[in-house]
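Reader: Hi! I'm new to this one. Could you walk me through it?

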Amino acid sequence: MRAFAFDAYKQPLHEIDVPEPTVGDHDVLIAVAAAGLNHLDAKIREGEFTLILPYRTPLILGHDVAGTVIEVGGSVRGLKPGDEVFARPRDHRIGTFAERIAVDEADVALAPTSISTVEAASLPLVALTAWQALVERGDVQPGQKVLVHAGAGGVGSIAIQLAKHLGAHVATTASSSNADFVRELGADVVVDHRTQAFEQELSGYDLVLDSLGAENLAKSLRVLRPGGIAIGIQGPPTPAFAKDAGLNPVVRLAIAALSRKVRAQAKKLGVSYEFLFMRADGGQLAEIAALVDAGAIRPAVGATHPFAETATALDDLGKVRIRGKAVVTLP
């Protein structure tokens with residue numbers, strides 16, 4: 001079957017012919033109709049996550065999928081051939097830039113019925129990230145104040161809607177050209193990241209979801225109320241993450257060094273910082289699908305590309321600015 005892979009870190013993505021997937025006892029084989037493009041794909045190819053997520057090459061990329069179940073393993077009970085599904089395959093089993101993929105049924109959910117397959121393919125990674133930050137880690141409650149950075153992006157556009165659904169007062173950073181768009185998503189306050197300093201405009205926030213890292217994260221700590229939490233998806237990773245991930249002692253020491261400065265800043269300010277590296281979870285996807293069908297969340301797809309252009313589309317991430325997500329479609 002056709003797939004897109006890279007042969008070595010920092011090398012370009014290219015089309016290859018690979019054997020059909022092996023369907024395990026707990027797997028479902030999905031005919032891929034569409035696959036979302038994520039910055040995580042580009043970062044893995046560049047070798048940025050080899051410390052915490054080492055992969056052997058050649059590697060087929062792709063973390064989001066929507067499509068049709070065409071075969072199930074012997075122990076699968078919740079899904080059947082013909083089901084329309086979406087998923088974020090778990091780490092070390094990625095590879096949605098392909099015509100077919102076998103995914104553990106625990107990572108799969110029935111796709112929302114009120115949106116297109118392309119829209120469904122845009123959701124898994126970013127929606128799970130938003131869910132695990134705001135619901136699982138942040139336990140956001142009605143009336144709390146939440147700052148979502150980069151509100152017009154893939155994670156941001158979903159996180160704004162989810163935070164609003166949870167009853168929060170939501171601020172976001174965006175360009176002036178995206179101000180109306182993020183307000184339509186539910187943002188109460190929009191800070192123009194080009195002309196305004198958000199750390200001077202905002203204060204007393206319960207939670208910040210930071211997708212930019214570095215200086216942006218350091219500034220984000222200063223808008224939190226005492227006891228507030230900043231959740232970073234760009235990094236740096238923390239010792240708590242390294243322990244939970246079961247990383248070896250040498251790597252854990254290196255990770256502790258990477259985040260020492262920001263953890264010290266947070267402690268001094270009386271706030272906390274956590275690193276989130278989202279995980280696959282079909283149960284959470286089912287809850288997200290229900291919110292989509294209830295009208296609480298709507299996907300934002302800013303660009304679509306034919307499967308043959310997957311490599312170019314991945315290279316364009318970060319270079320060509322779009323609202324929401326980019327998705328590749330298969331015939």
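Predicted model: local features only at pLDDT ≥ 70, side-chain atom pairs only at ≥ 80, totals over all residues.

Reader: Great, the core then. How many residues does the largest nonpolar core have?

Author: The largest nonpolar core has 111 residues, and I44, L61 and F86 have the most contacts inside it. Helix 3 (residues 124-137) gives the largest share of this core, eight residues.

Reader: And L61, what does L61 touch?

Author: Leaving aside residues up to four places away in sequence, L61 touches F4, F6, L13, D41, I44, R45, I94, G95, T96, F97 and L314.

Reader: Okay, strands now. Why is strand 3 largely enclosed by the rest of the structure?

Author: Strand 3 covers residues 27-37, and nine of its 11 residues are buried, so the rest of the structure largely encloses it.

Reader: Which strands pair with strand 3?

Author: Strand 7 (residues 100-104) pairs with strand 3 in the antiparallel sense over five bridges, and there A102 is the bridge partner of L29. Strand 5 (residues 65-72) is also antiparallel to strand 3, over six bridges, with V72 as the bridge partner of V28. Strand 16 (residues 325-329) runs antiparallel to strand 3 too, joined by four bridges; in strand 16, T329 is the bridge partner of A34.

Reader: Thanks! There's an open sheet of three strands as well, so what order do they take?

Author: The order is 2-1-4, with antiparallel pairing. Strand 2 (14-17) and strand 4 (59-60) are the edge strands, each pairing on one side only. Two bridges join strand 1 (residues 2-6) to strand 4, and A5 has I60 as its bridge partner in strand 4.

Reader: Changing topic: how many residues does helix 9 have, and where is its kink centred?

Author: Helix 9 (residues 249-269) has 21 residues and reaches 29 Å from its first C-alpha to its last, close to the 30 Å expected at 1.5 Å a residue. The kink, about 50°, is centred on R260.

Reader: Which residues of helix 9 are buried, and what do they pack against?

Author: V251, I255, A256, S259, V262 and A266 are buried in helix 9. The buried residues of this helix pack against helix 7 (214-221), helix 8 (239-244) and strand 14 (272-275).

Reader: Last one! Which residue caps the N-terminal end of helix 9, and what comes just after the helix?

Author: N248 is the cap, with a side-chain oxygen 3.0 Å from the backbone nitrogen of V250. Just after helix 9, G270 has a positive phi of about 75°.

Technical notes
Residues numbered from 1 in each chain as written. Heavy atoms only, no water. Core = buried A, V, L, I, M, F, W, Y, C linked by side-chain atoms within 4.5 Å. Buried < 20%, exposed > 50% of the residue type's maximum accessible area, 1.4 Å probe, protein only. Contact = heavy atoms within 4.5 Å. Pairing = 2+ DSSP bridges. Expected span 1.5 Å × (residues − 1). Bend = angle between axes of the 7 residues up to and from the residue. Polar contact = N/O pair within 3.5 Å; in protein donor to acceptor, adjacent residues only side chain to side chain.
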